[in-house]
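User: I would like to go through some labels used for this model and see what each one rests on. Please set the values against the cut-offs.

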Amino acid sequence: SSFSSSSSSSSSACVHLINKAVSEDFDLRPLFVHSGTNAPSRLYFSSLFDNRRHCDDALTVQCTTMQELINTSNPTVIKVDAEGGERFLAHVRDFRSVRLIVAEWDWTHNRRKQDWEHVSAHLKLHGFIVEVKGRFPEFDENGNAELCDKNGKKRGNTGMIFSAKRSLSIDVATSPSAATTTAATASTATVAAAPTKRRRMVVPTVVDGCPVGALIIPKREDLKRVFETCRPLGLFQSKGATPYGDGMALHLKLEAAAEFCAGSIPASIQALLDEGTAEFMPGLRRGAASQRYRGSARRPADEGTRRLQDSKAQFTFIDLFAGIGGFRRGLEAIQGRCVLSSEIDVDCQETYAMNFGGDHLFGDITAIETQDFPAHDILTAGFPCQPFARRGERGGFEDSRGGLFMDIVRILRARQPSGFLLENVWNLQFIDGGTWHEDEDKRTYGDVYTFIVEKLEVSGYQVCSKIINARGWVPQDRKRIYMVGFRNDLAQAALEKFRWPIPLPEERNVQNTVASILEIDLEETRSFELTERQWDAVQRSSTWQSGRSNHRIVNPNGVASTLTASYKTSFANLAQLVAPHPGDPTSRPRFFTPRECKRLMGFGETHVVGNPNSPNRAYHQLGNAVCPPLIEAIAKQLAESLGLRADTTADASSRRAPDVDDMDVDDDAEEHIDEPGNGGKEDLDGATPSTRGSDQGQHQQEASPPLYRACDQPPLKAQLEALTIEQLAHRLQDMGQPVRAPASEEFIRGFKVSRKNELLNQLCEAYASPESPRRVVQRSQGALLPPDGIQSLLVELRRMDWKENVRPQVDASGYCVLKRPYELTTQPRWKVDDPRSVRRRVWEKSEALLRGVSDKAANFCFTAIAVSKNFRGSPHVDKNDRGPQYALSLGDFDAGGELCVEESPFVVRAIETKGRLACIDGRLPHWVSGYSGERYSIIFYRSTGNEDDIVSAIHDV
């Protein structure tokens, strides 16, 4: 890469690092490539290595991305100094033969510490050891490098040298004189080395996607020996060896490939590697050609008319882990065209081909090279759920099927579609450390879900997820988690439009019952009756004996329980059965027929399922499928929000749910809040970005719908949750309620959470007691601020780059803390939209508004200003405050958005702060009432010095 010749100190430091690394790493031939525009620096840099016969012509490759540079030149050493471009190292998906990276991190262009941590973590993920040769600058509270002193003068060097070094499982020549370089074309450099004695290193290797690999046998006569040595270990796929150059390749199973990539190789195979009989090649795949569907199934003639013509398609998609085509049914219904399908199960392949044809159908996804996946607009995948299902072993990513998720990541990174839609079992969020709660804000997410979201985000997407029950679309109780993703450059606009689909209320959807899908013809269903032996086994089962017989027989006026892949095999204890026919006293309960199961899942009558040679496979296929009507509803919202199809919001599935109980309001303007309007915090109509958890709420939404209706208060339990365990106990005692003393054996991991929930529930019951006083809201207004000043501040707030100011722990579209700016001795040449200039003006205009209200406000001592956009956080306390705080709000939002603070156990003060200034004590529980629209808030607070006593919740301005 380009080299800054103007910095002689960084030049000599980099040259020293490179020479040292090259001499230590088996005298490995370095190849330097150039992607910058500074021709003198390129010539200067290449001249340092003339003794290694590097031709400058080979360094003039023109590339637009760093990944293209690596793919084109296949370097082993890279020098990066692109005046801020070093952060694009995090965009490289495949470093190929790169062994050493030496770079100068330019803090002038990359000020955020977060960018450095992202690049460093990415390099470590790919096996690099990162070393820093220099000092880190000082950082402000927002994590930005402070490069100037209080007078605006630069603080010494603004760059930092670092190196990233790794070893690969490759052969390296031990003779430095053997390397020669020839420029084949203007865009490609080819290096040929004379044959010499070779040395082998086998160390952990990073493979993009699910770990795959193969043993390469250079000489075909050694194939039998290698195969006989390895066969007892059961490491290889059953499809045999494939040609590879002049030799052969034996492809490893996923579990074995993962072990090999981690450096854990059996001794017998290690001996073959050491003697050169075989070579392990990570990442080698069989190729798409080997996975193309070659079955005999053909779509019936009457289905041919249903295939969408290319001219009518509004977008394209790929269907991964396709099963029997549930995703395809849903997306083709909204004018999508499938350009590739992948399904490894042979029976499902036959079913899929009978319904859609086999033109674009492939098998094992891990065998398909990344470049063989066509460009597409939406990626869909119901990746294997067995590793995460409650009825499975729940091996998660330790199960090889769980690791297949990484192939989704591989494709997303390479093809960058506009969006994606994924489906899995609902408890995916809670595996490995997560806990479920009815209140979505109180759920904690496990390591598996956190890992999945992180990988999707690193791939360049913003992720929303929601657990949805399909009973609103089909007569089946089927909870699944659905995850949608929006590419970063499209996310802001898409998230404003995207809404999770809302089903019709059950009382208005009377046809969505089991009775509507049952067969009428008694003769057709007689063959699905339980045999006498099966019926006896059901009656002896624990579920039947424990009094759950009513659950085992389906209610025709209700919905069926979840249809599983093991429906027929688990008949004794789990399968739900249809009651005997009332007109035939000799009949016994029966199974659902395959046709009834199709209807339960939402597939059409003409959709073919099962295997003619094994009818029971239909149950297995349908139990693993997705519900096309629900997929259609979600995909419709996804495609429209991404602008891939016309917006037709008249569909009933996307309408808002009706509002529920209104809050009681007394004539004296005191509002009772013991029964809040919309109760919970779950926004049924809005996207819920789940990056690491629900506490990140609405980060990506610029002006999202309210969590509850305008002016509504959060649920009582949420208000009280801001109290500590000790405060909850004291309040219960003050209300005359007994507080149970915990037993000694309760003091284990998770005690605080369970104890707080216990006290919270007890306190809510105490408030609900008829003897308890009513908890009321008293409304008031803050001091009016000058409209011109408010409008001027609003202009500056809208200029802030809120995407750069998002904090995971704050439920807002943007949040930052401003410190008092230093005085400028000279006027800098900042542009009007320069972040430094905008923040300075926000501080100055905010302070001017505060100081102009009253003498008390003018003399208020504060150390920082917290600025937020669309704050929708739960009730909380500000633990960093040392005294009262001043607050104001502004923006285009409707009624509501009041600043609410708990003044006493039975009184909440709601203060109107839109264009007004209020003073509260933020160390008491406080929150913002419901609103919709664009709302900015300014908080003046003091976080240093002596702490003031809490005197009152509300103070005079």
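This is a predicted model: local features need pLDDT of at least 70, side-chain atom pairs count only at pLDDT 80 or more; totals for chains, interfaces and linings use all residues.

User: What makes the pair Asp115 and Arg112 a salt bridge?

Analyst: Their side chains come to 2.9 Å, N to O. The cut-off is within 4 Å, so the pair qualifies.

User: Why is Asp115 called buried, and what is Arg112 called?

Analyst: Asp115 has a relative accessible area of 17%. Buried means under 20%, so Asp115 is buried. Arg112 is at 21%. That value falls between the limits of 20% and 50%, so Arg112 counts as partly exposed.

User: How do you know that Arg595 and Glu519 form a salt bridge?

Analyst: The closest N and O atoms are 3.8 Å apart. The limit is 4 Å, so the pair counts as a salt bridge.

User: What does this pair tie together?

Analyst: Arg595 sits in helix 18 (residues 594–601). Glu519 sits in the loop between helix 13 (488–497) and helix 14 (522–526). The pair therefore ties together parts 76 residues apart in sequence.

User: Are Arg595 and Glu519 buried or partly exposed?

Analyst: Arg595 has a relative accessible area of 40%, so the label is partly exposed. Glu519 is at 17%. With buried set at under 20%, Glu519 counts as buried.

User: What makes Glu947 and Arg923 a salt bridge, and which parts do they join?

Analyst: Their side chains meet at 3.2 Å, N to O, and the rule asks for within 4 Å. Glu947 lies in the loop between strand 32 (936–941) and strand 33 (954–955). Arg923 lies in the loop between strand 30 (916–920) and strand 31 (926–928). So the pair ties together parts 24 residues apart in sequence. Arg923 is buried at 12%, while Glu947 is partly exposed at 45%.

User: Which residues are joined into one network by shared partners?

Analyst: Glu796, Arg799, Asp833 and Arg841. By this rule the count comes to 33 salt bridges.

User: Which residues touch the most other members of the largest nonpolar core?

Analyst: Val484, Phe486 and Phe592, in a core of 67 residues. Helix 20 (residues 628–641) supplies the largest share, seven residues. Beyond four places in sequence, Phe592 is in contact with residues including Val514, Phe528, Tyr567 and Tyr619. Another core, of 37 residues, lies apart, with Ile318 and Phe383 among them.

Definitions and conventions: Residues are numbered from 1 along each chain as its sequence is written. Side-chain values use heavy atoms; hydrogens and water are left out. A nonpolar core is a set of buried Ala, Val, Leu, Ile, Met, Phe, Trp, Tyr and Cys residues joined through side-chain atoms within 4.5 Å. Buried means under 20% relative accessible area, exposed over 50%, partly exposed in between (1.4 Å probe, protein chains only). Helices (H or I, at least four residues) and strands (E, at least two) are DSSP runs, numbered from the N terminus. Contact means heavy atoms within 4.5 Å.
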